[in-house]
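Here's a quick briefing to read alongside the model. Have the sequence and the 3D view open as you go.

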Amino acid sequence: MEKRAFGKTDMEVSVLGFGGAEIGFSGATAETVDRLLGSALDAGLNFIDTAECYGNSEELIGKTMSHRRNDFYLITKCGHASGFEAPDWDPQMLSESIDRSLTRLNTDRLDVVLLHSCSKDLLKQGDVIEVLERAKEQGKTRYIGYSGDSDDALFAIQTNAFDVFETSLNIADQQAIELTLPEAQQRGMGVIAKRPIANVAWNSGEKPDNEYIQEYWERLQHLQYDFLDNELTASVEKALRFTLSTPGVHTAIVGTQNPERWTKNAQLLVKGALPKDEYDAIRNEWRKQSQENWVGQV
């Protein structure tokens, strides 16, 4: 699998990363996660992303993959209390959350800790950033970053406090391409694209029940990309290659609980970047059809 230098960090990351939300919310068993992540690492993936609020995702990863800790980069997020008796973003809670993540993940160090969709107003106070900076100084994490979108993300980048930036970017969510990615590139940040295949929202013949997917489904009714009429594997391939062809993106995280999916996902990227005319056609359709309220989706 192709690997890319992750901004100014010393990390070289696989272009396809694992997003840990689905295993935490789907009731996946440890046996399934062991097969899933084992096959992913064997296929060349070296980037695992999770969070404090993804159900038991951290525990599952720690239980099944700690014996292969040197084979992958490990990223988690903090911000939501998720079991602590404290408000979200409380500085003491953030510190305890990082320690809890280390325990859950069965490791003595993280590669990146991300602030999880923190608002601009909270960032301005400074103390939430100081918590991550202390964790870095103490060796609990090698790098720190911000995960989020739109104006909050722009402010986070412009603080110059972070090494890494994670944001939504896909065929139905392109605000970041002009708003935040150039700023992140200018600072040499490692960039993670979340929701890189728009949750395959077009695969539903009608508006999906899942509210998390509905916004993308509605946008795609306006965008009308002709390639979405193709066989599903072909349309997913093009969508994923679009995200990874965007300048400044280093890795795209995709979640699944299907252990056989990883080899198939890796095969989608064999052709590399989209040809320029195909990439530009998707961007031009977005420019024509996008509406003012089509902001990055958290």
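In what sense do strand E5 and E6 pair, and over how many bridges? Strand E5 (residues 73-78) and E6 run parallel, paired over four bridges; strands count as paired if DSSP finds at least two bridges between them. This is a predicted model, where local features need pLDDT of at least 70, side-chain atom pairs count only at pLDDT 80 or more, and totals for chains, interfaces and linings use all residues. Residues are numbered from 1 along each chain as its sequence is written, and side-chain values use heavy atoms, with hydrogens and water left out.

**Around strand E6**
- Helices (H or I, at least four residues) and strands (E, at least two) are DSSP runs, numbered from the N terminus.
- Strand E6 (residues 110-116) is largely enclosed by the rest of the structure, because seven of its seven residues are buried (under 20% relative accessible area; exposed is over 50%, partly exposed in between, with a 1.4 Å probe and protein chains only).
- Lysine 77 has leucine 114 in E6 as its bridge partner.
- Leucine 114 also stands opposite glycine 145 in E7.
- Strand E7 (residues 141-147) runs parallel to E6, joined by six bridges.

**Cysteines**
- There are zero disulfides here, a disulfide being a pair of cysteine sulfur atoms within 2.5 Å.
- Cysteine 53 is partly exposed at 21% relative accessible area, and its sulfur is 10 Å from the closest cysteine sulfur, in cysteine 78, so it's too far for a bond.
- Cysteine 118 is buried at 0%, and its sulfur lies 9.0 Å from the closest cysteine sulfur, in cysteine 78, which is also too far for a bond.
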